[in-house]
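The sequence and structure are shown first.

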Amino acid sequence: MASQLLRLWRRYRSVPIVYRIAAAFVLGSIVGLLVGPPAQRLEPLGDLFVRLLEMIIVPIIVFTLLMAAERLSPTNLGKIGGQTLLVYMVTTTVAIVIGLGISNVMDPGSGITLASGNVNTEQAPSLGQQLLNIVPTNPISAMAEGNILAIIFFVLVFGIGMTLVREEADADSSIRNGIDTIFETAEAGAEVMFKVVWGIMEYGVIGVFALMAALFGEIGIEAIGAYAMLSLTLAIAIALQMTIVYFLVILRGLVGVSPLAFLRGTREALVTALSIRSSSGTLPVSMSNAEDNLRIDEGVYSFSLPLGATINMDGTAMYLGIVAIFAANIAGVSLTITQQFAILVTALLASVGTAGVPSASLVMMAAVLTQVGLPLEVIAMIAGIDPFLDRLRTMNNVAGDLAVSTLIGKWNGALDLTTGVWADEVSTGDAIAGDPSTD
């Protein structure tokens, strides 16, 4: 009996984790539809999976960013940071334009009347306050609260400080040796955390099954009329963003690699994002895919991915614009070009301040709707289907983070196209992107 169980376990483990998670996603959905509300009792198993991922976010950011600070000079770190921020802002702006454009064509929300509802919203912080909040008054408190931008700022400042002190210290001084020890500890810690990631992903098969069963057990298949049109509008906009911006422009045009290879290399992260609808929660898996599959140097992805999980919310920004058009239609008003431009700017800034956690965009919708005088009751109308739409947005966000990281790696000679998923896609003669001399 024991030997049979051992054989079954080995056969189970021989199936790639991404296929096991995908099967859990489908089976959980089916169980939720068949069982109905009682399936929500499985939700704690799914919540445990999310909590396990959240548990390692802060340590993996700290360890990998310290390693980045060691490998990059302050000059290069500033260059990579500037490039990353610029590309993130461009892709987010394009995402909002796509969302508004598709919304004007699809016209979601037309033909129905506004339903009343009470929604508790929080006042969105101003741009100045968002920028100020990047600098933590207490770094330990920022880590305890999971304030990702503040953590990134402090760890980078600390890491760069250590790099500068090490350069100024004597070769055999205790200060230099102590700093080297800290960097070595960070490298060991990062390796440990990546091992922990895959242990968590093994449990993720159960977690994803439970999450999907609970979701479909709660909402069933009732999504008709305006809700179906809203969902379709978002799906089309995301498909265009991923196909045109990420696959054709960034990957094929600027990096020169196959989008299909990119999808193979990021499937674990995309499935995880689709399952747990949290960019921050998916971050450990995204980093692991960047390291093992996409072969991006740690000096790039350890900065670009945590930053992207915080400020690069293409799917969220796109959705905020779509919801504004949806709200205008059900309120019976037409938005002018000027008002839609105001939506673009507000959605861009609001997406930067949106946390990479499930349904955080519901809070930021208040800022966008208020900007153009639209009723906040719309938030109550869509809150019920937001968990489903949030999955699509999160998958788009994570795909954008990884695509931009690949591009930044290419620009800085930190992308190895001779190994990983690229090995079979690029010929030996032109697959030396990891060599800066080819850029």
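1. Serine 278 caps helix α12 at its N-terminal end, with a side-chain oxygen placed 2.9 Å from the backbone nitrogen of glycine 281. Please bear in mind here and below that the model is predicted.

2. Helix α12 covers residues 279-292, and its 14 residues should span 20 Å at 1.5 Å a residue; the end C-alpha atoms are 19 Å apart, which agrees.

3. α12 is mostly covered, 12 of its 14 residues being buried.

4. Where does serine 405 lie, and what does its side chain meet? Serine 405 belongs to helix α18, residues 386-411, and counts as buried because its relative accessibility is 0%. Its side chain makes a polar contact of 2.6 Å with the side chain of serine 304. Beyond neighbours within four places in sequence, serine 405 is in contact with Tyr88, Ile296, Val300, Ser304 and Leu305.

5. Alanine 347, in helix α15 (residues 337-352), has a relative accessible area of 0% and is therefore buried. With residues up to four places away in sequence not counted, alanine 347 touches Ile96, Ala317, Leu320 and Val368. For isoleucine 96, 251 residues apart from alanine 347 along the chain, the separation between the two C-alpha atoms is 7.4 Å.

Note on methods: Residues numbered from 1 in each chain as written. Predicted model: local features only at pLDDT ≥ 70, side-chain atom pairs only at ≥ 80, totals over all residues. Heavy atoms only, no water. Helix = DSSP H or I, 4+ residues; strand = E, 2+ residues; numbered from the N terminus. Buried < 20%, exposed > 50% of the residue type's maximum accessible area, 1.4 Å probe, protein only. Polar contact = N/O pair within 3.5 Å; in protein donor to acceptor, adjacent residues only side chain to side chain. Contact = heavy atoms within 4.5 Å. Expected span 1.5 Å × (residues − 1).
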